[in-house]
Amino acid sequence: MFKFVINKELQGTLARTGTISTPHGDIQTPAFVSVGTKGTVKGLSPKDISEAGTQVIIANTYHLYLAGDEKIKKLGGLHKFMNWNKPLMTDSGGFQVFSLGAAYGQKGVSKIGHRKHEDEIALPVTAPEDGLPKIARIDPNGVMFRSHSDGSAHYFTPEKSIEIQHNLGADIIFAFDECTSPYESLHYQKEALERTHRWAKRCLEYHKGTEHSKIQALFGIIQGGRDETLRKESAEFMAGLDFDGYGIGGSFEKEDMEKAVEWCNNILPKEKPRHLLGIGEPLDLFMAVEKGCDLFDCVAPTRLGRNGGVYTKDGKVNIYNQEYREDPGPIDEGCECYACKNFSRGYMAHLFHQKEMLAGVLASIHNTHFIVSMVDRMREEINSGDFLKYKKEFVERYYKNKLT
RNA sequence: GCGUCGGUGGUAGAGUGGUCAAUUACAACAGACUGUAAAUCUGUCGGCUUCGGCCUACGAAGGUUCAAAUCCUUCCCGACGCA
């Protein structure tokens, strides 16, 4: 059922366009994947998501397991449960090893670090009994999560993650990995990578041993942190396994990401799709597409949207700011989204100041549309050969105010 | 007219002799957010500043005191009660 065909490659770059076929329809790539962690893209109905241009949604194994994956299976699977009849993915829970582990309670430690000085690196916390409030504990066989909502203990193994993902029934599922903090030592990165590799094999073996492998595609995840040797080793190891596609994972220092992506994609088999996990700021997306990634997901459009941040062609702004309170224009001039076609910046600022639910909804619709159509446009420009020109124009305008 | 209680920074409302430019909340102003622990979090919020301080402030004016938003006197204003 699962198939990936490359439609066009852009000379001199790793960029390409393609079509992924799944039981629930095709995905034209490169494509931006909307994040629907708990079986909903926060604030948006499936109708909103479709209208914003989203082709595919990614939900989360850890969160839906806590909500009851067996129950979701009984109710007809995740597609039916959330009323999304288009392509659907599930992330494995590997990111929660990081977000509920090394990053838990650490201010400023997130998917992308913004370190100012070398010695500003926060010490990672991987020791299990250090008294700090980590709620994910890793061992060779799996991860013990303590539920972030009620404190109950849950043990994930690679097989368990896949089993849950089988219950959910997404078209594309991910191997259970360990997303490490970039602040971990090289020694730890190496150890974690070996673990992720062992787990990847176990995921693949378990998956292939079931009927689900005929319907659901399984992607393996490359780790290796910021280290060139480990990244390349990971890409080579994963490339040697029979996955349907690959995810590139990890928490990055901003400046490490491009190199890591390039190392991986020069090694990964060209004929399989590559998903850059958790990335979604405009500049990063241009970089990733140029370096050969096909899929991206990111919480930014919806999280920023809920908090008043909106994308415009002239950069990202906080729409609640004073300067927009009497602004009659749309969020982003020329934007075709529902929010921009019907409401003013002044109204958006009003909604955010009044803490009205519609504020986050409209901003999330706009941001999703903005990012999705930006990636759609990249696809068109690769097909027409003008990708680099589009990138230059977009980036110059988007970052103009920050550079001057 | 008499009596009682009260008047605090944009708002509400703490504080009842020094640790008070004054708790807290809200509002306001700005910032952050990249496989969602997040409709969240952070900072600023009297004026000036060479960042050490200085000045002006708790209805108004006097007074007591080394020291007053806090005590006293008078006045103004508000609520309630009695005439």
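A residue is buried if 20 or more other C-beta atoms lie within 10 Å of its own, exposed if 12 or fewer, and partly exposed in between, with C-beta atoms placed from the backbone. In soluble globular proteins, nonpolar side chains tend to be buried together. When residues up to four places away in sequence are set aside, F296 touches F32, V33, L276, I279, G280, L285 and A288; contact requires C-beta atoms, placed from the backbone, within 7 Å.

The model is predicted, with local features requiring pLDDT of at least 70 and side-chain atom pairs counting only at pLDDT 80 or more, whereas totals for chains, interfaces and linings use all residues. Residues are numbered from 1 along each chain as its sequence is written, and chains are lettered from A and ligands numbered from 1 in the order in which they are written.

Chain A contains 16 helices and 18 strands. These elements are DSSP runs numbered from the N terminus, helices being H or I with at least four residues and strands E with at least two. Of the 404 residues of chain A, 50% count as buried. The C-alpha trace of chain A spans about 60 × 50 × 50 Å along its principal axes. Among contacts with a separation of 6 or more in chain A, 70% are between residues 24 or more positions apart.

Strands β2 (residues 16–22) and β3 (residues 25–29) run antiparallel and are joined by five bridges, pairing being assigned where DSSP finds at least two bridges between two strands. A hairpin of two residues connects β2 to β3, and T19 has Q28 in β3 as its bridge partner. In the loop between β3 and β4 (31–35) lies P30, and the peptide bond from T29 to P30 is cis, with omega near 0°. Strand β12 (residues 217–222) pairs with β13 in the parallel sense over four bridges, with F219 opposite G245. Both faces of β13 are covered, as G245 and G247 on one side and Y246 and I248 on the other are all buried. In a regular strand the side chains alternate between the two faces of the sheet.

G225 is located in the loop between β12 and α8 and counts as buried because 27 other C-beta atoms lie within 10 Å. Beyond neighbours within four places in sequence, G225 is in contact with T180, P182, E184, Q189, L230 and G250. The C-alpha atoms of G225 and T180 are 6.8 Å apart, although the two residues are 45 apart in sequence. D242, in the loop between α8 (228–239) and β13 (245–248), is exposed, with 10 other C-beta atoms within 10 Å. Its C-alpha atom is separated by 42 Å from that of R397, 155 residues apart along the chain.

Helix α13 (residues 345–353) has R345, Y347, M348, A349, L351 and F352 buried, and the buried residues of α13 pack against α14. K355 lies in the loop between α13 and α14 and has a positive phi near 55°. K355 counts as exposed, with 8 C-beta neighbours inside 10 Å. N83, in the loop between α4 (78–81) and β6 (88–91), likewise has a positive phi near 55°, and N83 is exposed with 11 C-beta neighbours inside 10 Å. Most residues other than glycine have a negative phi, and most peptide bonds are trans.

Around RNA strand B there are 51 residues, of which K111, C179, G278, V299 and T302 come nearest; a residue is near the strand if its C-beta atom, placed from the backbone, lies within 6 Å of it. This surface has 16 nonpolar, 24 polar and 11 charged residues. Ala, Val, Leu, Ile, Met, Phe, Trp, Tyr, Cys and Pro count as nonpolar, Asp, Glu, Lys and Arg as charged, and the others, Gly among them, as polar. At least two residues of the surface come from each of β5 (57–60), α5 (94–102), β16 (295–298), α11 (300–306) and α14 (357–384).

Note on methods:
Two residues are in contact if their C-beta atoms, placed from the backbone, lie within 7 Å.
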